[in-house]
Amino acid sequence: MIEWEDKYSVGVSIIDEEHKKLIDIINKVIVAKQNGDNPEGISGILNEMMKYTHEHFKNEEAYMVKFNYPMYQYHREEHLDFSMRTLSYQSRVTNGDYHVANEILEYLKRWLVDHIQKADKEYTDCFNKNGLK
């Protein structure tokens with residue numbers, strides 16, 4: 001299981017709280033994997049991930065636009081890529097690829113490191129300077 005650590009913090013409390021929920025969803029994938037790649041469980045988790053990340057990305061991007069964040073377009077493209085990848089996983093599960101949980105888990109762990117710990121931390125100064133802490 002992944003536990004929240006300070007290294008995941010982007011220095012913006014509202015975003016950190018949303019990231020904690022993302023970690024909770026990743027932990028659900030870990031549990032599903034431990035329980036034998038149940039297709040209904042994996043499908044439900046992917047649906048939850050898609051719904052939650054849609055809201056989270058919308059919130060993050062709204063702040064980026066409001067604060068004229070210079071890397072907005074690049075960041076938005078990363079969000080779109082994540083959404084497309086999640087839809088692809090959902091399609092695979094729907095079409096009978098029930099053993100995709102390990103691949104999903106590895107992808108989500110990489111996302112946690114590559115996106116949250118790197119790309120998201122790049123907007124911290126911009127958000128903080130504009131009063132979001």
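Which residues line the largest pocket?

Modeller: This is a predicted model, in which local features need pLDDT of at least 70 and side-chain atom pairs count only at pLDDT 80 or more, while totals for chains, interfaces and linings use all residues. Residues are numbered from 1 along each chain as its sequence is written, and side-chain values use heavy atoms, with hydrogens and water left out.

The lining of the largest pocket consists of M50, T53, H54, F57, K58, E61, R76, H79, L80, S83, T86 and L87. Two elements, α2 and α3, each give two or more residues to this lining. Helices here are DSSP runs of H or I of at least four residues, and strands are runs of E of at least two, numbered from the N terminus. The pocket has a volume of about 220 Å³. Rolling a probe the size of a water molecule over the atoms shows where empty space is left. On a 1 Å grid over the protein atoms alone, a pocket is an open set of points with protein on both sides within 12 Å along at least five of seven lines, whereas a cavity is a set where a 1.4 Å probe fits but cannot get out; lining residues have an atom within 4 Å of a point. Points are joined across faces, edges and corners, and the volume is the space filled by probe spheres set on them.

A search of the whole structure finds 1 cavity of 30 Å³ or more, and the largest cavity has a volume of about 50 Å³. L22, I26, M49, T53, F82, L108, W111 and I116 line this cavity. At least two residues of the cavity lining come from each of α1, α2 and α4, with the largest share, 3 residues, supplied by α4.

Contact means heavy atoms within 4.5 Å. F82 is also among the residues that touch the most other members of the largest nonpolar core, which has 27 residues; the others are I2, I42, M49, I104 and L108. Each of α1, α2, α3 and α4 supplies at least two residues of this core, and the largest share, 8 residues, comes from α4. Such a core is a set of buried Ala, Val, Leu, Ile, Met, Phe, Trp, Tyr and Cys residues joined through side-chain atoms within 4.5 Å. Buried means under 20% relative accessible area, exposed over 50%, and partly exposed in between (1.4 Å probe, protein chains only).

The expected span is 1.5 Å times one less than the number of residues. The helix bends by about 25° at W111, the bend being the angle between axes fitted to the seven residues ending there and the seven starting there. The buried residues of α4 are A101, I104, L105, Y107, L108, W111, L112, H115, I116 and A119. An α-helix has 3.6 residues a turn, so residues three or four places apart point the same way. The buried residues of α4 pack against α1 (13-34), α2 (39-66) and α3 (72-94).

Helix α1 has 22 residues and reaches 31 Å from its first C-alpha to its last, close to the 32 Å expected.

Just after α1, G36 takes a positive phi of about 90°. In the loop between α1 and α2 lies N35, which is exposed with a relative accessible area of 58%. N38 is found in the loop between α1 and α2 and, at 36% relative accessibility, counts as partly exposed. N68 occupies the loop between α2 and α3, where it counts as exposed at 64% relative accessibility. N68 has a positive phi of about 55° although it is not a glycine.
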